[in-house]
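Here is a short note to read alongside the picture. Please keep the structure open and look up each residue as it comes along.

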Amino acid sequence: MSDFARAIRFQPVHLVIVGLILTVFVVGAVHSERFATLTNVSNIQDQLVVLALVALAQTVVILSGGIDLSFAGMLGLLTVLFASVAGGDPAVFAAAVVGILTLGALLGAINGGLIAFTGIHPLIVTLATSSIMAGVALLHSNQPSGSVALFFEDLVYARLFGFVPYGTIYVLAAYFVIGFMLWRTQFGTRIYAVGDDERAAAISGVPVRLTKLMVYSLSGLIAAMAAIYMVGRFGVGDPRAGVGFDLRSITPVIVGGTILAGGRGGVLGTLLAVILLILLRNVLNFLNVSSFYLWIVEGLIVIVAVSLFAARASK
Amino acid sequence: MNGLALRLGSTATVRGRKSRELLLLTGFLVVIWTVTGILSPRFLTPQNLSDILVQAAPLGFVVIGQMLVIVMRGLDLSVASVMATAAVLSTSTFDNTGGVFVVGILLGAGVGAVNGYLVAYRKVTPFLATLATMIILQGIRFAYTGGAPGGSLPDAFRFLATGRIAGIPVSLMILAVVAFAAHWMLERSVLGRQFMLYGDNPAAARMTGLPVNRLVVLAFVISGVMAALGGLFLVGYVGIVDNWTGRGYELDSIAAAVIGGASLRGGKGSVLGALLAALILVSLFNIVVIVGLSIEFQMVIKGVLILLAAGVYLRSSRA
């Protein structure tokens, strides 16, 4: 495999998704003249930031053979804490960002530690910690509260060249860094090795437990990035900000060609799948199709994608 | 012969471990009830205790199916969606009691069959198969109701969920019958042995010539039917049909199954354990309110309990 192909883990499914994205885009453009406008294109980008980030975190975890269902609680807790610590004061903003990123990584490390050192199934561990974090978030503040420096909100709402929100750059940077990490670093190789076959990885000298710990810690860190963006976008910290993201974060990963069993896939597919799903939602809105039908479409996409990959994997 | 002897031997230790777990769960329940009883005189009244039992009944139905799927190395994320859809469909299509049950249960069985087909024949991971049917069903339900469910609950059905005969809640009698049948099936029948063998070692089950695919489908169908029943009893208890009836039950039922001794690695789980765990969860929710803690503590307690239980069982199964 060439370095480039390995970096992005290019798969035929990526072409399929790009084709679908183009199709959906053309359908939208034909049906509404307001669809292919700069305003709408920047709106779409705004809408995909949070999903793109949590799906990125989920991709890394799934590649390692695990799963992280803690975003529901974690996003709520992190946004509430960030908004209450940062407040409207620009002076403490940087410190608050560093603090919340550290906290995210630490919470993730707790998940990772429990998973790596107790042997309890990742699904059970993250389900439990999610419930705890959601409870703590609601205990801290029962309703959306806190605030953030105005300059940050301005930044989140600003657009480069009139149609590229800074959120997009934030997302691309995160995907680039993580993609590079998976491609070029020893840590990345270890993630694939652990996801592919844990025992084989251990025998060949991969520190499996440490790798898992770091994977979940990284997942928490990326969730904190999403939380910071959410606070900038909404201007407050919402203890329920994460509701639904536990399961929503998984769909793009799977549709993007990463195998739930671990060890195969990559971040490019996830990003493309996020774009496809958000675009689909946007176009259906323009077509006046109720978002109820979007659920049906999403579920069918998952089934088609998964049975396709399952059939290929068994060959 | 050696293999058989090994299996018999391990069955004996499994029995021992299982009864230890049941003892542990019962002990835990007694302790939290006693402590709360001392803290609050309102808790240990027959009225409150029977309220807790009735509240726990819907989760009791759901967790029986969930536990069975988990025994089979699966997971059913679609149960909450089945609960709500069964409730919405049956209350809007029929106004007589028989119809309510038939429509809801058929729906549950149908969704379970789809889940089972995807898992057994299309080799889709249970997690993803049931995640997909959950979302699709949610879409169908909202499209069908236009976002606002109508219809009314038949009185007879209200009676099944909240009524009493000779002081005993009807829902508990029905749950007891269903639970007894499930317990007997899993512990005493050939079918139950086959479920356990598959969960323990799918490859061995296949080589023994068991109809493994059909077993998987059957487990999911049972889970779907139990979820539908749970949904019908839940709306019967609450008295209002809602598109989000049963929200959170997918995770609560998994939590209860795990606390009750089921392992996501398969081959392990019991009806009694699952029901005790459901009762513990609902008791704790009730206790949080009675003791005057803010309701968010429920979530914290639930999380801690799941971790504790999973950790304890893992340790005991290694020892």
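1. First, some ground rules. This is a predicted model, in which local features need pLDDT of at least 70 and side-chain atom pairs count only at pLDDT 80 or more, while totals for chains, interfaces and linings use all residues. Residues are numbered from 1 along each chain as its sequence is written, chains are lettered from A and ligands numbered from 1 in the order in which they are written, and side-chain values use heavy atoms, leaving out hydrogens and water.

2. Counting contact as heavy atoms within 4.5 Å, chain A contributes 37 residues and chain B contributes 41 residues. The buried area (accessible area, 1.4 Å probe, that two parts lose on being put together, summed over both) is about 3,400 Å², and carbon and sulfur atoms give 84% of that.

3. Which elements of chain A give two or more residues to the side that touches chain B? They are helices H5 (90–118), H6 (122–140), H13 (250–255) and H15 (291–314) of chain A; helices here are DSSP runs (H or I) of at least four residues, and strands (E) of at least two, numbered from the N terminus. The largest share, 13 residues, comes from H6(A).

4. Now look at chain B's surface. B:Val31, B:Val35, B:Leu39, B:Val291 and B:Leu293 make a nonpolar patch of about 420 Å². Patch residues have over 30% relative accessible area (Shrake-Rupley, 1.4 Å probe) and no salt bridge, with nonpolar side chains joined within 5 Å and like charges within 9 Å. Helix H1 (residues 2–39) of chain B gives the most to this patch, three residues.

5. Finally, salt bridges (a side-chain nitrogen of Lys or Arg within 4 Å of a carboxyl oxygen of Asp or Glu). One pairs A:Asp46 with A:Arg159 at 2.7 Å, N to O. A:Asp46 lies in helix H3 (residues 38–63) of chain A and A:Arg159 in strand E1 (residues 159–160) of chain A, 113 residues apart.
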